[in-house]
Each structure stands twice: as C-alpha cells, then as structure tokens.
Amino acid sequence: MDRRKGDNRDANGGLAEATASRLRFDSDEEAVESEEVGMEVEEIPDAEGEEAADEVIGSDKTSADYYFDSYSHFGIHEEMLKDVVRTKSYQNVITQNSFLFKDKIVLDVGAGTGILSLFCAKAGAKHVYAIECSQMADMAKEIVKTNGYSDVITVIKGKVEEIDLPVPKVDVIISEWMGYFLLFENMLNTVLYARDKWLADDGVVLPDKASLHLTAIEDAEYKDDKIEFWNNVYGFDMSCIKKQAMMEPLVDTVDANQIVTNCQLLKTMDISKMTPGDASFTVPFKLVAERNDYIHALVAYFNVSFTKCHKMMGFSTGPRSKATHWKQTVLYLEDVLTICEGETLTGSMTVTPNKKNPRDIDIKLKYSLNGHRCQASRTQYYKMR
Ligand SMILES: C[S@@+](CC[C@H](N)C(=O)[O-])C[C@H]1O[C@@H](n2cnc3c(N)ncnc32)[C@H](O)[C@@H]1O
C-alpha cells in the first residue's frame, strides 16, 4: 500500500506538520545543520532587503505567531483553495444558485482569503460581510479591492464572537468550518453563534447539513508501520509510545479496496437548527462484513450538503470519493479482528469536545464481534490533538 503520503495535519487548523515544515529554518542550529548536509540555504537578506521583505510579509510576525495563528500564513489557504472538491463545490453551489444570493445580505464566517465572499459578490449579493480573525484579513481586504469588489464586500478583522456587525440581520450565512473528523477545530460553534445572533428568521445557512460516517478497514501493513514499529526500534523496546500512537487518530487517505464492511451513517447535523451541545453524542453502529477479511481499524469521514439549492448539492470526504485535504480519520483497534462475510461488528462511538481545550476531541469507541473465527469486545479511547 502506498496510500500514506504522511499524516500531515495542515489545512483547517491542524498545526502539526505544515507549521513545523514552515518553521524548519527558524532556529540557527537547524539552519547550520542543513548547511552541513549540503542543502541550499537562502542568503540572509541585507538591511534593505529585510525592510522590503517586512513590507510584504509583515514585520511583526514571528514563528510563534504562525504557530498560534496558523491561518495567518498563506500556505494553509493555498492548500484549501487547491482542494478542488472543497472549493469547486462551494463555487458551484453559489454560482448555480444565484437565487439564494441575488440582492441578499451575506455573512461569510471565517472568510480567510475572501474566496467565498468573492463568489457570493459575483453571484449578485447586495452586500457581503467577510469576518476573519487572522492576519489573512488584511490580505482579504487587498484581494477584495484588487478585484473591484470594495463596494460589495466589507472585510471585518476580528473574532466573530467579538465584532460588531453594521447590520442587525443577514439573509445568508456561508462558512467553510469543517475540521478533520468533521468536528476537530470546533469552528462549528462560531457558525452557530453567528446564526443565533444575526440570521434573519427566513435566512439560510450554507452548508446546512453535515454527517459523520464510519466503516472498517484491513490495514495490516500500515498498522505495523505506525503502531508495531515502536516494539523494536533499532533493537530497543519503545512500546510505551505505542499506547500514545494508538490513542491518536491518524488523518490519512484510505484506499477504497481496504474497506471490509458497509459504510454506516453515524450522525447527521442540521446546522440551521442544532445547538452546540449536539456536537457531543453517543451513537450506536453495526458494520456488516462484505467479505472475509481482517479488520485493523475503523475509519470515519464526513459529508456536507447544501439542501437549499435548486438540486441538492454537496461533497463527501469518504474513501470512495475524490480525495480532499481532510482525508479520512483512522482509529486503530487493539485487536486484529477476523471477520467473515455477513458477520457484524457492533458498538458505539462517543464524541465530545475536550474539557480543557474544546477545539480538541475525545472519542470513546466500544466494539464487539461475536463471530465464527473471532470473539472480541473492548473499549478504546482516542484523543484528536
Ligand atoms: C477553514 S478556513 C476557511 C477560509 C475560507 N472561508 C475558505 O473557504 O477558503 C476557516 C477560517 O475561519 C477563520 N476563523 C476561525 N474561527 C474564527 C472566528 N471565531 N472568528 C473569525 N474567524 C475565524 C480562520 O482564521 C480561517 O481563516
């Protein structure tokens, strides 16, 4: 299997790998090391060059700012914009359903570069308020101006929860808030906050439906590489790390050929009606084996839909759909389950925002298999950090 391109959690708020790679040369030691191994190192700019660079990049930015404010860096926006499943879906929804936007007041929650606001303005919105809390808001302002939409789009730099909107109500709220495993990053609460504060009674939220799905996969090779690896590292037992590795869901793309069972809908969320509390839930599942195989992991993914369009539109981040930057979320099981066609793996999944840091997610998974070849029953805990 060559499906794993690395578990970099980059776009959509994950800070780990993308940020780390952006910071690669932040420390002098690392820069020296890279010289030693013969890598090309950029010349240190002279004072004049530094000033010019500051003007473009922003002199007040440090690596710490990037770390704590990953959305200020263009790289994360580049990745999201280049995710054509994501961005084209929003573009198609907006441009093919201009009746939803024509002469309407639109609120873009978490505007980033302003791409969704620009689509809405092009579709005939009367006015778009684009709220963005990161430094990218400054770029969004410039982008709006450069493209001649300053009269239609107002970029407001600040947190949705803290800004004053110049209008009492809006007709449409549009947002791309979804995180890994749908709920990681917890930006959904910001959308619900905006909905409750500003959306007119007959207003619409886009997208208005999101659903979480579950399936089971055979994944011997990669489980070995990511989990069993710690048993023997250059002859040393590092299996204490294995426990941590097991607890961290892996964000990665799964090959559809690895799927062993049916895919089950776990939870549907109606963004136009739900409360923040609905993002904590326990749901049962029953996965039916479609062939004789081993199961090493459960895989979660999400779909979103825009049901207010002429014709329902949306996209899936599932393993049978075109890959997106959200990939899928792999939860490795302690047991290797041997399952026969028609047998069922039953259980429940509990999802809750972490108490200390609500942007993180705690997952409790209970599963049980009472099969011909294998009986197993276990509860496992995972933390998305
Ligand atoms: C997933 S990105 C989407 C950006 C853009 N809408 C797009 O589709 O390319 C979410 C954006 O929301 C911003 N954001 C997150 N929470 C926010 C909040 N509470 N108030 C304002 N902006 C927020 C982030 O800084 C980020 O730029």
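Helix α7 (residues 115-122) is mostly covered, with six of its eight residues buried. Buried here means under 20% relative accessible area, exposed over 50%, and partly exposed in between (1.4 Å probe, protein chains only). Helices (H or I, at least four residues) and strands (E, at least two) are DSSP runs, numbered from the N terminus.

This is a predicted model: local features need pLDDT of at least 70, side-chain atom pairs count only at pLDDT 80 or more, and totals for chains, interfaces and linings use all residues. Residues are numbered from 1 along each chain as its sequence is written, and side-chain values use heavy atoms, with hydrogens and water left out.

**Helix α7 and its surroundings**

The buried residues of α7 are Leu116, Ser117, Leu118, Phe119, Cys120 and Ala121. They pack against α6, β1 (105-109), β2 (127-132), α8 (136-146), β3 (153-157) and β4 (170-175). Contact means heavy atoms within 4.5 Å. Gly124 follows α7 and has a positive phi, near 105°.

**Nonpolar cores**

A nonpolar core is a set of buried Ala, Val, Leu, Ile, Met, Phe, Trp, Tyr and Cys residues joined through side-chain atoms within 4.5 Å. The largest one holds 96 residues; Phe101, Leu107, Leu165, Ile271 and Leu345 touch the most other members. Strand β10 (residues 293-306) gives the most to this core, with six residues. A second, separate core has eleven residues, including Ile227, Met246, Ala297 and Val330. Leaving out residues up to four places away in sequence, Ile271 has contacts that include Trp177, Leu188, Val191, Leu192 and Arg195.

Side chains alternate along strand β9 (residues 281-288). Strand β9 runs antiparallel to strand β13 (residues 344-353), and eight bridges join them. Two strands pair if DSSP finds at least two bridges between them. Thr282 has Thr350 as its bridge partner in β13.

Gln264 lies in strand β8 (residues 264-270). Gln264 is buried, at 19% relative accessible area. Not counting residues up to four places away in sequence, Gln264 touches Leu212, His213, Leu214, Pro284, Phe285, Lys286 and Leu287.

**Charged residues**

A salt bridge is a side-chain nitrogen of Lys or Arg within 4 Å of a carboxyl oxygen of Asp or Glu. The whole structure has twelve salt bridges. Three of them are tabulated here.

| Salt bridge | Closest N and O atoms |
|---|---|
| Asp196 and Arg195 | 2.9 Å |
| Asp362 and Arg385 | 3.2 Å |

Asp362 lies in strand β14 (residues 361-370) and Arg385 in the segment after β15 (375-384), so the pair ties together parts that are 23 residues apart in sequence. Asp362 is buried at 19% relative accessible area; Arg385 is partly exposed at 35%. Asp360, Asp362 and Arg385 are linked in a network of salt bridges.

Arg195 is buried at 9%, whereas Asp196 is exposed at 54%. Asp270 counts as buried at 18% relative accessibility, and Lys273 as exposed at 65%.

Asp83 sits in the loop between α5 (74-82) and α6 (84-95). Asp83 is buried yet has no salt bridge; Arg86, the nearest side chain of opposite charge, is 5.3 Å away. Lys and Arg count as positive and Asp and Glu as negative; His and the chain ends are not counted. A polar atom of the Asp83 side chain lies 3.1 Å from the backbone nitrogen of Arg86.

How values were computed
Polar contact = N/O pair within 3.5 Å; in protein donor to acceptor, adjacent residues only side chain to side chain.
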